[in-house]
Structure formats: structure tokens, C-alpha cells
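Keep the sequence and the 3D view open while reading, and find each element as it is named.

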Amino acid sequence: MNNRTDILSLRDALAVLEGTPGQLVQTDVPVNPEAELSGVYRYVGAGGTVKRPTHVDGPAMMFNEIEGFDDARVLIGLLASRKRTALLLGCTEKELPKVIYDCVKEPLEPVTTQGAVPCQEVVHRATDADFDLRKLVPAPTNTPVDAGPYITMGMCYATHPDTGCSDVTIHRMCIQGKDELSIFLQPGSRHIGAMAERATELGKPLPISVSIGVDPAIEITSCFEPPTTPLGFNELSIAGALRRKPVELISCVSIPEKAIANAEYVIEGEIVPGVKVVEDQNSHTGYAMPEFPGYNGPASHECWLIKVKAVTHRRHPIMQTCIGPSEEHVNLAGIPTEASIYGMIEKAMPGRLTGIYAHRSSGGKYMVILQFRKKDHTDEGRQRQAALLAFSAFPELKHVILVDEDVDIFDTNDVLWAMNTRFQGDRDIVTIPGVRCHPLDPSSKPAYSTSIRDVGISCKTIFDCTVPYDLKEQFYRAPFLEVDPRKWLPDFEE
């Protein structure tokens, strides 16, 4: 496959953006990491489900002067634009799901390297007298009521105590003290949670590394979930295929685990067996941080505790972060979701799914738009079967909107046009009540509806906005003369 990326580190990605107009801005004005930094980027390029006003598809932003930190920068919004994400992954916006799913089918396993690596240029051990996470890692807070400083772009890497299989994923982690982190592991949804539970059963700590500031291929592919990547599938192998070179790992300096060698920062530690932490134990605000639906996430009383053993980093390191409900989360969560759904539907009915978009209004999780081609009369009804397959491919999905191939799935106005002219509520809505979805949806509570028996259960819904095959000739869009506007406007860009 030609559409793969040659970007092998965060700094490679930044070099590409520096040479691409409008994709990266920098400031030397000092900024406070406590809510101010995210407050600035809210206007510049956060997008997603962030409270308006916010700029959608704005540039990534580098803060070069962080108050309280002498030798650190903070990057935010690297992937907060689908166009920028496609640029960094070497394909077009529409190709993203197919390109990444093809890499799932052709995994390239990570390798362990020896010797000096960038992420260990500087080493701080927890046994050092002046060791303090709060002074070493410039983790921002998203809002003034966050539980504390959050690591939102940390690649968590651990190994199952029984099988020896390793896995990488992203979890929210809050700095709780000079050598303590809380980590939120949603029950039953991620592999590292299963590893921590098994280690607790054995009465053993679980070694874990947290690599921050890696290349975009690793960041995107670490967000795959079951059933596409079952327990025992190392998502770093998908990143290896995408970047056409295995991800390099390095042995940690303080624990028996590996870390990503090209990272800007690595936090090394152990998940303490059986110990749970109140997430806002220092702030007592009742909130964790804003989550992808756009609301403040409630502080968990059941976070796991990571006892930190060391922090290593590059010289002049870059802390990478994102805003919980931003477009960056949409792309991190949504593009693997699209790839998983694409793979399942393509296997069942090849050539029918011509486009898929995990919409930004859903944080990349709750709603997808499927562009479906009906080739003949026997395809009528298959579009709804495709929607059912989408629910199977990604269990947290709540809504599916089906449209024809002449609808631009990335243009919400065009999708709503299809709903307004090709949809009747009494015949084109399919509801499946009482299905497990996602607990962060504030409407998925028994108090909201008597059909909801437990938090996290929803009514999954299909909106079929496709034209019935036998009526297609009555729904052709008005044709226009095909011309090249550059004859009249030489600088015109589509």
C-alpha cells in the first residue's frame, strides 16, 4: 500500500506542520497550565463538543513558555483537524478508515532496541530527594474545576501477568502527589483494566509505562477497541504497519516493562493491587475533567493508583495534551471506530459502504454516518443490516444515519438535507432499546427514561435517509454544468 506515513516521531510531525501553512502556531507568551492554556486553545482550535465559541479545524498550538517549568513546552491540538490528521498519516480524509483497517490486517510487531534512546536522555528516579511529578511533568488542567493536572495523551503500556501479551491504550490520569497518579480504567472496556484486575487477583503490582509525545500513527491506533483488537492484540503492531517500520521499544529504567523509545516523556510505575483512589481527593470539586460528550465528567471514586518509580524524558521535552471534548478526541476515538466498522461491513457486503464518518458532535463515539451504495434491488434493506453490523463492530455506538452515495458525509448540512428530503419518521426509524452503550452519556440514566435499567444503557437508533432503490430515479439532485472555476478565479481552491 502506498498510503502510509514516514513520520516516526512527534518532532517529525511538527517539522511537517511547520512546512504546511496554517497548521501550526506558536507563542512565547508565558501561560499558566492550570486552565489558562486550555482556555486559550478553546478559541484557537479545540472544536469538537467544546462550548461555543470555539474554532473548528484550527491549527495545532505550541506554548513555548510554561509558568512554573523552565525547560518544557506544551503542544495541544496536533490531531484536532481531520485534514491535518490525514496529512500526517499519508492519505486523504475519506481514505482514513480503509487505510488504517488495512493495517489491522497487516500488523507489524514492535521491536525492542538497545542503547541510548531519545526518551531516556534525562532520568529522574523517585528515590531522588527532589523528585516531584508536579514539578517534572507540565500536565495542564482543562477547566478551573478539574480534579487536578491531567495526562490526556499518555500511551499506557503493560503486559498481562498470565499470557505475557502486551497492549497500549490511552486513559485519563490525574497527578495526585509527588509520586502518585490515578488512572481511570472503565470496567470491562479496555485491556489494561483486565491486566490490573488479574494482577490484583495474584496479589501483584502491574508494571506500567506511560509514553507521552509520540508519533501520530501510535496515538491513533492505540485507540482501537474490541472486537477489532481483542485481548492479546498489541495495537502498536497496527502503528508499525501504518508507519512502514516497527515501533521501537526500550526497557524501562526502574520497572520490568517497555516504553516507546521515541517519546518525549515516559512515566514509569506500578498499578498497586486492590487500591482505589478518589479522583478529586485534592480539589474536592466533584469533577474529573470535561469528557468527550462536552460535559464535566464526574470524579470517580474507583480509580486505580499508580505508584511512580521514575520519569525520563528528552532534552527540552514537549508535553503533549488534548482537551477532553475537543476535535482531537473526535479523531483519536472516531477514526479507529470508522476503521472497525468499515472492516466489518466490507467483509459482509463488499463494495456497498462508500464512506463512513464518526461525527464530531458525538465525540467520535456515539454517532456515525454511513454512505451506502445500493447496486440493485437486492441491496434494498442491506443498508439497515450495515447499521446493525456497525453496532456490533463498536458497542458504544448509539446512532447510525444512513445516506446515499451522492451525500457528502462530512457536510452536516448535506446530511440534514438527506434527512429532510429522503426520510419519514414513521417508516425510516429503527429503534433497539435496552442496549449497553456508554456511561458518560448523561441521558443514559434510569431517571431519564423508564426503558433504561442501568447507567450506560441506551436506545440504539437507525435513521435511514437512503432512497428506496425502486424510487431512485425520482431523487436525482439538480445537475449543473461541470466547469473549472480556476479559469475565472486562478487562485480558487476546492
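This is a predicted model: local features need pLDDT of at least 70, side-chain atom pairs count only at pLDDT 80 or more; totals for chains, interfaces and linings use all residues.

Two strands are said to pair if DSSP finds at least two bridges between them.

Strand 1, which covers residues 24-27, and strand 2, which covers residues 60-63, are paired in the parallel sense, and four bridges join them. One of the residues to look for is Val25, whose bridge partner in strand 2 is Met61. Between these two strands the chain passes through helix 2 (residues 36-46), and the β-α-β crossover made in this way is right-handed.

These strands belong to an open sheet of four strands in the order 1-2-3-18, and the pairing in this sheet is mixed. Strand 1 and strand 18 (318-321) are at the edges, and each has a single partner strand, so one side of each is left without a neighbour in the sheet. From one strand to the next, the twist averages 20 degrees. Strand 3 (residues 73-76) pairs with strand 18 in the parallel sense, over four bridges, and here Leu75 stands opposite Gln320 of strand 18.

## Helix 2 and a pocket

Helix 2 also takes part in the lining of the second largest pocket, to which it gives the most, with three residues. This second largest pocket has a volume of about 320 Å³. It is lined by 16 residues, of which Arg42, Val50, Lys51, Asn142 and Thr143 are the closest to its centre. What is the make-up of the lining of the second largest pocket in nonpolar, polar and charged residues? The lining divides into seven nonpolar residues, seven polar residues and two charged residues.

Several loops hold residues whose backbone angles deserve a careful look. The peptide bond from Arg52 to Pro53 is cis, and Pro53 is placed in the loop between helix 2 and strand 2. Another cis peptide bond joins Pro226 and Pro227, with Pro227 placed in the loop between helix 7 (216-221) and helix 8 (236-242).

Ala35 and His284 have positive phi values, although neither residue is glycine. Ala35 lies in the loop between strand 1 and helix 2, while His284 is found in the loop between strand 14 (265-277) and strand 15 (287-290). The angles are listed here.

| Residue or bond | Angle | Value |
|---|---|---|
| Arg52 to Pro53 | omega | near 5 degrees |
| Pro226 to Pro227 | omega | about 5 degrees |
| Ala35 | phi | near 75 degrees |
| His284 | phi | near 55 degrees |

Is Ala35 buried or exposed? Its relative accessible area is 16%, and buried means under 20%, so Ala35 is buried. For His284 the relative accessibility is 64%, and exposed means over 50%, so His284 counts as exposed.

## A hairpin

Strand 15 and strand 16 form a hairpin with five residues between them, and in its turn Gly294 has a positive phi of about 100 degrees.

Strand 19 and strand 20 (residues 367-372) pair in the antiparallel sense over five bridges, and the bridge partner of Ala358 in strand 20 is Val368.

## After strand 23

Finally, Glu473 is placed in the segment after strand 23 (457-464), and at 71% relative accessibility Glu473 counts as exposed. Glu473 and Glu494 are 21 residues apart in sequence, and their C-alpha atoms are 29 Å apart in space.

Methods
Residues are numbered from 1 along each chain as its sequence is written. Side-chain values use heavy atoms; hydrogens and water are left out. A crossover is right-handed if, with the strands pointing away from the viewer, the path from the first strand over the helix to the second runs clockwise. On a 1 Å grid over the protein atoms alone, a cavity is a set of points where a 1.4 Å probe fits but cannot get out, and a pocket is an open set with protein on both sides within 12 Å along at least five of seven lines; lining residues have an atom within 4 Å of a point. Grid points are joined across faces, edges and corners, and a volume is the space filled by probe spheres set on the points. Ala, Val, Leu, Ile, Met, Phe, Trp, Tyr, Cys and Pro count as nonpolar, Asp, Glu, Lys and Arg as charged, and the others, Gly among them, as polar. Axes are lines fitted to C-alpha atoms, for helices over the stretch in contact, and angles run from 0 to 180 degrees between N-to-C directions. Buried means under 20% relative accessible area, exposed over 50%, partly exposed in between (1.4 Å probe, protein chains only).
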